[in-house]
Amino acid sequence: MSTLSVTLPDGSTRELAQGATALDLAKSIGSGLAKAAVAAVVDGVETDLTAGLSDGQEVAIITANTDEGRHVLRHSTAHVLAQAVTRLFPGAKFSVGPAIEHGFYYDFDLPDGKTFSDDDLGAIQKEMERIVKEDQPFIRSEMSPDEALELFADQPYKCEIIQRVTSADGDALDAGEVGSGDAISAYRNSDTFVDMCVGPHVPSTGKLKHFALQRTSGAYWRGSEEARMLQRIYGTAWESKGALEEHLTQLEEAAKRDHRRLATELDLLSFPSEIGGGLAIWHPKGATVRRMMEDYSRERHERGGYQFVFTPHLANGKLFSTSGHLDYYADGMYPPMEMDNGTYYMKPMNCPMHCLVFASRQRSYRELPIRLFELGNVYRYERAGTLHGLMRIRGFTQDDSHIFCREDQLADEVASLLDFVLSVLRAFGFDDFTFNLSTKDPGKFVGSDEIWEKATEALREALDSHGLDYGVKEGDAAFYGPKIDIDIRDAIGRSWQLSTIQADFNNPERFDLEYIGADNARHRPIMLHRALFGSIERFFGVLLEHYAGAFPTWLAPVQVRVLPVAAAHEDYARSVEDQLSAAGVRVDRVDANDGLGKRIRAAKLEKLPYVLVVGDDDVANTTVGVNPRGGDVERDVPLQSFLMTIAAEIEQGTSQAMSA
RNA sequence: GCCUGGGUAGCUCAGUCGGUAGAGCAACGCACUCGUAAUGCGUAGGUCGUGAGUUCGAUUCUCAUCCCAGGCUCCA
């Protein structure tokens with residue numbers, strides 16, 4: 001019997017019997033590998049383990065504990081989910097079920113418009129476990145579109161996908177589902193269940209043991225609000241029980257640092273329903289942190305050559321017609337207020353006002369760039385279902401800046417803006433950034449193509465000159481100009497979009513802004529929009545989750561708490577408190593009405609940076625017992641020495657921030 | 001806005017197959033005066049999100065509405 005030879009990733013070759021599969025290859029290397037294998041890469045193409053190999057191919061085995069391997073597991077588990085649902089809900093139509101980050105989902109259309117309730121998940125999970133136990137094979141077949149239409153005749157969503165992918169306008173989603181070209185592939189698990197899919201899949205359902213269904217939700221077919229709403233089930237799947245449990249634990253940990261929960265626990269702010277959805281009130285402690293953030297921001301802007309302005313929350317609708325907001329974003333604005341001399345709106349952005357500041361008098365080229373800065377309150381009518389704590393809110397404050405400059409200043413200005421933004425973000429403990437350049441949305445823009453080209457090029461140049469890697473989001477720009485978005489990654493690896501730098505050649509035109517050039521002629525300035533925190537509220541939320549409520553000392557609402565051991569030490573405790581307070585430290589005191597242990601516990605739960613315990617020895621020697629957050633207790637520390645330490649820490653926190 | 005689930009004391013939650021509610025923590029009071037993550041006892045606190053309907057009677061059932069959560073869509 002002849003053999004075939006394949007090359008492994010390490011360059012070595014292996015002889016296998018004719019007709020051998022990737023699984024045979026894995027077995028020949030080792031039983032452990034065969035057990036962990038879920039798919040293979042043959043000549044650069046992901047393939048089923050059960051596919052036959054040919055002489056001369058390069059083959060790599062994909063194991064379950066890799067990103068690619070988990071992707072296969074999750075995709076295969078989605079098929080098991082679909083089969084379970086079709087067993088439990090006869091007549092259910094299924095549409096698409098991809099693997100996603102950390103898991104998978106599948107969308108269904110249940111007969112008679114039925115919906116899933118959370119209670120259904122348990123039964124579906126059990127059915128899935130049954131299918132896993134049955135160890136059904138995933139058997140691949142390929143067919144023509146016509147054959148596929150016949151096979152999936154009772155699955156209208158599959159038919160629609162087949163029709164779309166075989167017509168000229170097949171899109172990425174469809175391609176992911178069925179591949180491209182004339183051959184449509186499908187995977188059959190049993191006599192009663194077959195699903196269209198490019199694969200690859202695990203050899204059999206017995207490989208899929210460690211998964212959990214998580215939640216149900218509605219999801220529009222093809223992501224369109226006009227289309228039918230399908231029923232989606234989300235789940236997660238992993239290569240081992242340990243990995244699954246670790247993931248579930250991580251989710252719990254993330255939930256523990258949810259800013260909405262911490263905001264309540266730490267008494268920072270609240271969202272009273274009496275006020276309305278998406279509108280927060282800041283309690284004293286939250287307000288203190290916010291004030292520190294804002295003070296720092298003001299300080300940096302002042303040193304950065306910005307001029308501070310204030311503008312009103314309301315404006316005549318004509319202003320927003322001029323800016324284009326009413327043409328493009330009326331839906332996102334609060335409804336109009338009819339007043340005696342016109343129609344007024346809450347402002348959704350500050351830029352029109354800042355344009356008027358520029359226009360308030362004649363400007364000379366010598367003045368440029370003019371950098372206007374405002375902590376500006378804006379109101380946007382976010383749809384009810386989109387509100388999310390501080391992250392998505394209806395009334396918020398932008399640390400908003402508009403820079404008016406000459407064309408020859410644009411590149412430098414964008415470049416220095418990038419430096420400025422990154423330096424301030426670093427001061428708040430973020431150092432992992434992602435950059436994205438968003439380009440014109442062909443369906444929603446103002447201004448000429450030429451202007452857009454110019455603006456986009458300026459942003460691109462700034463990113464390139466900084467040697468930054470960035471992605472391009474085609475069609476993601478605001479209606480008035482292209483933008484650079486900066487995402488940060490927080491302490492538990494989630495990414496948040498914060499800062500944005502936007503070039504705008506349109507508003508200067510709409511507001512007819514001009515300056516007198518060196519040539520004594522009138523010229524149009526270029527405008528840059530720039531938010532750094534984005535919204536103070538959102539940034540605060542991100543910061544709160546990033547630090548899990550344990551703010552660094554310079555930001556902490558209460559920096560030190562003084563605890564007298566017993567009533568006899570209260571006078572001394574008060575004096576310690578006064579001295580710290582006089583030194584500018586945010587300090588409070590809790591007298592000995594409760595046991596010391598209880599008061600310390602309370603302070604720890606509040607995540608205070610320092611707890612000072614003072615007793616007999618301290619009164620006698622003017623010392624304190626220092627219990628720092630996350631550190632060891634130190635007794636008999638001279639008060640003056642603690643004072644100097646914490647003053648330095650606060651100063652350093654701020655000044656590190658300043659020079660970062 | 002759409003789908004699903006929820007709203008009971010300051011917080012976290014239990015409960016009521018329709019007969020106006022309960023725990024822990026917090027608060028307050030008394031006792032204890034204590035050296036580094038919960039001292040003990042007691043008191044008070046709720047028109048059960050809001051409005052309407054059904055009913056002898058609604059926190060419980062129905063409808064509407066507001067708010068919240070997870071998704072979808074949207075996010076200048």
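Before moving on, a word about what is on your screen. This is a predicted model, in which local features need pLDDT of at least 70 and side-chain atom pairs count only at pLDDT 80 or more, while totals for chains, interfaces and linings use all residues. Residues are numbered from 1 along each chain as its sequence is written, chains are lettered from A and ligands numbered from 1 in the order in which they are written, and side-chain values use heavy atoms, with hydrogens and water left out.

**Stop 1: charged pairs**

Stay with D295 and R298 and show their side chains: they meet in a salt bridge at 3.3 Å, N to O. That term means a side-chain nitrogen of Lys or Arg within 4 Å of a carboxyl oxygen of Asp or Glu. Side chains of opposite charge can pair when their charged atoms come close. D295 is partly exposed, with a relative accessible area of 35%, and R298 is partly exposed too, at 31%. (Buried means under 20% relative accessible area, exposed over 50%, and partly exposed in between, using a 1.4 Å probe and protein chains only.)

Next, select R361 and E367, whose side chains form a salt bridge of 3.1 Å, N to O. R361 is partly exposed at 48%, and E367 is partly exposed at 26%.

Then try R87 and E127, which meet in a salt bridge of 2.7 Å, N to O. R87 lies in helix α3 (residues 67-88) and E127 in helix α4 (residues 118-134), so this pair ties together parts that are 40 residues apart in sequence. The structure holds 40 salt bridges.

**Stop 2**

Select L266, G549, P557, E606 and L608. Of the 14 residues that line the largest cavity, these are the closest to its centre. A cavity is a set of points, on a 1 Å grid over the protein atoms alone, where a 1.4 Å probe fits but cannot get out; lining residues have an atom within 4 Å of a point. About 100 Å³ of space lies in this cavity. Its lining divides into nine nonpolar, one polar and four charged residues.

**Stop 3: the RNA**

Finally, show RNA strand B. Of the 59 residues around RNA strand B, R215, S217, Y220, R601 and N627 come nearest; a residue is near a strand if one of its heavy atoms lies within 4 Å of it. Colour α19 (596-605): with seven residues, α19 gives the most to the surface near RNA strand B.

Zoom in on these atoms:

- E225: an N or O atom of its side chain is 2.7 Å from a sugar or linking oxygen of RNA strand B.
- Y480: an N or O atom of its side chain is 3.0 Å from a sugar or linking oxygen of RNA strand B.
- D616: a polar backbone atom is 2.6 Å from a base oxygen of RNA strand B.

Terms used: Helices (H or I, at least four residues) and strands (E, at least two) are DSSP runs, numbered from the N terminus. On a 1 Å grid over the protein atoms alone, a cavity is a set of points where a 1.4 Å probe fits but cannot get out, and a pocket is an open set with protein on both sides within 12 Å along at least five of seven lines; lining residues have an atom within 4 Å of a point. Grid points are joined across faces, edges and corners, and a volume is the space filled by probe spheres set on the points. Ala, Val, Leu, Ile, Met, Phe, Trp, Tyr, Cys and Pro count as nonpolar, Asp, Glu, Lys and Arg as charged, and the others, Gly among them, as polar. A polar contact is a pair of N or O atoms within 3.5 Å; within protein, one must be able to donate a hydrogen and the other to accept it, and residues adjacent in sequence count only if both atoms are side-chain atoms.
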